[in-house]
Amino acid sequence: LRQTREHLAKGDLRQAVLTSRQAIQNAPNDVPTCRLMAEVAERANSPVSVYYRQRLVELQPEATTNRVTLAKTALAFADYRAADLALKGVPETERRNFDFQMAAALLCLPTGHPAQAEEHLLAAMQLAPTNIVAPLKLAALRLQASDTNRQQQARALLLALRTNSAAKADALRMLTEDAGRTGQGAAALGYAGELTKYSEED
């Protein structure tokens with residue numbers, strides 16, 4: 001395991017894959033080895049990572065974090081069934097946390113459940129008020145709605161996020177695209193100019 005971590009730290013993914021494979025062959029049921037194998041596979045952008053995240057759930061069925069991490073990994077490879085099963089295995093009493101709510105929202109989006117996605121995103125925002133990921137996702141979701149009121153809510157949210165240094169670039173980018181898409185040329189140019197200036201200052 002030490003060798004694999006050293007290879008990862010050096011950016012030598014090929015050697016990390018080779019040493020992790022040897023380690024998992026020697027200890028297929030060892031939790032740290034399975035976790036490292038999953039991490040290496042993720043770094044290699046390999047769907048094999050889903051398998052090893054599933055093994056961790058099997059080896060530590062009581063660990064809720066393993067199930068949520070499995071869901072996030074499965075979502076990265078569009079394995080919605082595995083993500084759904086992982087989240088369904090999380091006890092109700094342990095679902096009131098940011099990671100679960102975000103994973104649930106990200107599962108609802110591609111599977112055609114925007115209302116449920118919004119519920120999870122709102123819950124995530126309550127649980128982690130300073131995290132910018134959930135509000136940006138919520139704004140993107142609302143901009144796609146056919147309801148003009150929801151679109152306006154999205155724009156208001158983005159204008160608020162525009163004052164947050166961590167979210168400013170993404171918010172301005174989304175405002176620029178939205179203004180261009182809705183035929184507001186002057187607004188689009190204004191947001192684009194502000195984004196360029198901010199990028200140069202950053």
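Tutor: A contact means that heavy atoms lie within 4.5 Å of each other. Please keep in mind that the structure above is a predicted model.

Student: Which residues does S46 touch, not counting residues up to four places away in sequence?

Tutor: With those neighbours set aside, S46 touches A41 and F77. S46 itself lies in the loop between α3 and α4.

Student: Why is S46 called buried?

Tutor: Buried means under 20% relative accessible area. The value for S46 is 18%, so S46 is buried.

Student: What makes the span of helix α3 close to the expected one?

Tutor: Helix α3 covers residues 31–43, which is 13 residues. The expected span is 1.5 Å times one less than the number of residues, and for α3 this gives 18 Å. From the first C-alpha to the last, the helix reaches 18 Å, close to that expectation.

Student: Which residues of α3 are buried, and what do they pack against?

Tutor: The buried residues are V31, T33, C34, L36, M37, A38, V40 and A41. They pack against α1 (2–10), α2 (13–26) and α4 (48–59). Just after α3, N45 takes a positive phi of about 55 degrees.

Student: Why is the pair E39 and R5 called a salt bridge?

Tutor: The rule asks for a side-chain nitrogen of Lys or Arg within 4 Å of a carboxyl oxygen of Asp or Glu. The side chains of E39 and R5 meet at 3.5 Å, N to O, in a salt bridge. This pair links distant parts of the chain, with E39 in helix α3 and R5 in helix α1, 34 residues apart.

Student: Why is E39 called partly exposed?

Tutor: Partly exposed covers the range between the buried limit of under 20% and the exposed limit of over 50%. E39 has a relative accessible area of 25%, and therefore counts as partly exposed. R5, at 44%, is also partly exposed.

Student: How do you know that E118 and R150 form a salt bridge?

Tutor: The cut-off is 4 Å, and the closest N and O atoms of E118 and R150 are 2.8 Å apart. The pair links helix α8 (residues 114–127), which holds E118, to helix α10 (residues 148–161), which holds R150; the two are 32 residues apart.

Student: Is E118 buried or partly exposed, and which of these terms applies to R150?

Tutor: E118 has a relative accessible area of 10%, so E118 is buried. R150 stands at 23% and therefore counts as partly exposed.

Student: How many salt bridges are there by this rule?

Tutor: The count comes to 13.

How values were computed: Residues are numbered from 1 along each chain as its sequence is written. This is a predicted model: local features need pLDDT of at least 70, side-chain atom pairs count only at pLDDT 80 or more; totals for chains, interfaces and linings use all residues. Side-chain values use heavy atoms; hydrogens and water are left out. Helices (H or I, at least four residues) and strands (E, at least two) are DSSP runs, numbered from the N terminus. Buried means under 20% relative accessible area, exposed over 50%, partly exposed in between (1.4 Å probe, protein chains only).
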